[in-house]
Amino acid sequence: MTYIAKPAFHHPGLPKNALGYTHRDYEGNISTLCAGCGHDSITAAIIEACFQLSIEPHRVAKISGIGCSSKTPDYFLGNSHGFNSVHGRMPSVLTGANLANRDLIYLGVSGDGDSASIGLGQFAHAIRRGVNMVYIVENNGVYGLTKGQFSATADRGSKSRRGLENRDASVDLVALALQLGASFVARSFSGDKAQLVPLIEAAIEHRGAAFIDVISPCVAFNNHPGSTKSFDYVREHNEAVNRLDVITARAPITVAYEPGTVEVVEQHDGSRLALRKLAADYDVHDRLAAMSFLQHHAARGQIVTGLLYVEPEPEDLHTHLNTVDVPLSRLTEKELCPGSAALEEINAGLR
Ligand SMILES: Cc1ncc(C[n+]2csc(CCOP(=O)(O)OP(=O)(O)O)c2C)c(N)n1
Ligand code: SF4
Ligand SMILES: [Mg+2]
C-alpha cells in the first residue's frame, strides 16, 4: 500500500456529475504499480464508471485479496469503505459484509492468482450463492507481485519471459462463472476503456453476482512474444461480441438508435442495457450457447470479450435466504429479541 495521497486541489473547470463531484472525488492514493501496468487502466475505468453513475462514495465497499491487483483499491474511491483481506479470501469477507449490510455497493477486486489458485473455492461459492457484487479479476496470467510465476489462468503452451513453456491446462474463470450460475458475466481488456467502462457501470447496476474478467497485461513479467496475455496478443485476438451503452433509470435517454441495430435489455431496477451486436448470432441470454461459443473460440486462440451473459431479473443471496429488507447491521434489540413469548412459541413448534 502507498500512503502518498494525491493533492486535493484541482482545476475549477473540471466537469461535475449529478452530485457535483469531479473525477478527483473518486480517486485514491497515488499508484505504486509499474508504469504501464494494465491494472492502473482498470483503476481509471472504475473511477470513470463511478463518476458517470454519480455514485456516492460512502455507499461503496471495496474488498480485495493480495497481489498487485488487490492493491489497486487503494488507488480509487479514497472516500469509500475498504478492506484489503488475505490472499484468496476476498469472496468470503465480501459475502459476510454483504450479509451484514445489504445497502452498500460491493466491489470485489482480485487477481488471477488470488481467484484461480488459492481462492478458487472462495470464488466458486460466492458466485454460486449469487452474492450481489461486482467481482473483477485483473487477469495477467502471472503472479505479478511475487515476480511472475505462471498462474492458473496461463494458457497451455504460452511462454514465460525466460522462455519456459506452461504445460498445464488453464482455468477459464468466465467459463466457471457461467457454469456456477453468475447472473452477469463479461470479459474485457484493460486496453479497451470504451468497452470496459460501460461493462463496470452495468455490473454495478446489476442486482446479483456480476463477474468481469479483465485481461490486464503485466508489463514487468508477461508482455513478451509467446505470452497470450500481452498487449499485442490480446489486441490481435480480441473478438468482441457486442458493445454496450448503459442507460440508468436516473439519466434520460440521450442516444438515438436506428431500429434493429440494438437490443435493449430492461433490468428490474429500471436501468437499460443497450447492446450493439457485433456478432450477429450471439445471444446474451443463452447460458449454454455462451459456454460453447467461448470454448469454440478459445480453441482457435481467440479471446471473446463483451457482455457474455445477463439475467434481467436476477436473484441474490438475500432472496435465497429470505432475509429482511433492512440491513442486519441496523436491526435494533427490539427486532433481534422479540421476547420470551415468541421464544416459547418457536420452542413449542420444535417439540
Ligand atoms: C497465503 C499466501 N500465500 C502466498 C502468498 C504470496 N503471494 C502474494 S501475491 C501472490 C500472487 C498474486 O497473483 P495475482 O493474484 O494474480 O495478482 P497480481 O500480482 O498478478 O496482480 C502470492 C502467491 C501470500 N501473500 N499469502
Ligand atoms: S509486477 Fe506486473 S502486475 Fe505488478 S505492478 Fe508491475 S506490471 Fe503490474
Ligand atoms: Mg496475476
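Predicted model: local features only at pLDDT ≥ 70, side-chain atom pairs only at ≥ 80, totals over all residues.
Tutor: Residues are numbered from 1 along each chain as its sequence is written, chains are lettered from A and ligands numbered from 1 in the order in which they are written, and side-chain values use heavy atoms, with hydrogens and water left out.

Student: Why are Asn140 and Val142 called buried?

Tutor: Buried means under 20% relative accessible area, exposed over 50%, and partly exposed in between, with a 1.4 Å probe and protein chains only. Asn140 is called buried because its relative accessible area is 5%, and Val142 counts as buried because its relative accessibility is 4%.

Student: How do you know that Ser69 makes a polar contact with ligand 1?

Tutor: A polar contact is a pair of N or O atoms within 3.5 Å; within protein, one must be able to donate a hydrogen and the other to accept it, and residues adjacent in sequence count only if both atoms are side-chain atoms. A polar side-chain atom of Ser69 lies 2.7 Å from an oxygen atom of ligand 1, which means that the pair qualifies. Polar backbone atoms also take part, that of Val142 at 2.9 Å from an oxygen atom of the ligand and that of Gly144 at 2.8 Å. The protein covers 74% of the 590 Å² of accessible area that ligand 1 has on its own (Shrake-Rupley method, 1.4 Å probe).

Student: What makes helix 6 mostly covered?

Tutor: Helices (H or I, at least four residues) are DSSP runs, numbered from the N terminus, and helix 6 spans residues 173–180. Six of its eight residues are buried, so the helix is described as mostly covered. The buried residues are Leu173, Val174, Ala175, Ala177, Leu178 and Leu180. At the start of helix 6, a side-chain oxygen of Asp172 reaches to within 3.0 Å of the backbone nitrogen of Val174, while just after the helix Gly181 takes a positive phi of about 95°.

Note on methods: Helix = DSSP H or I, 4+ residues; strand = E, 2+ residues; numbered from the N terminus.
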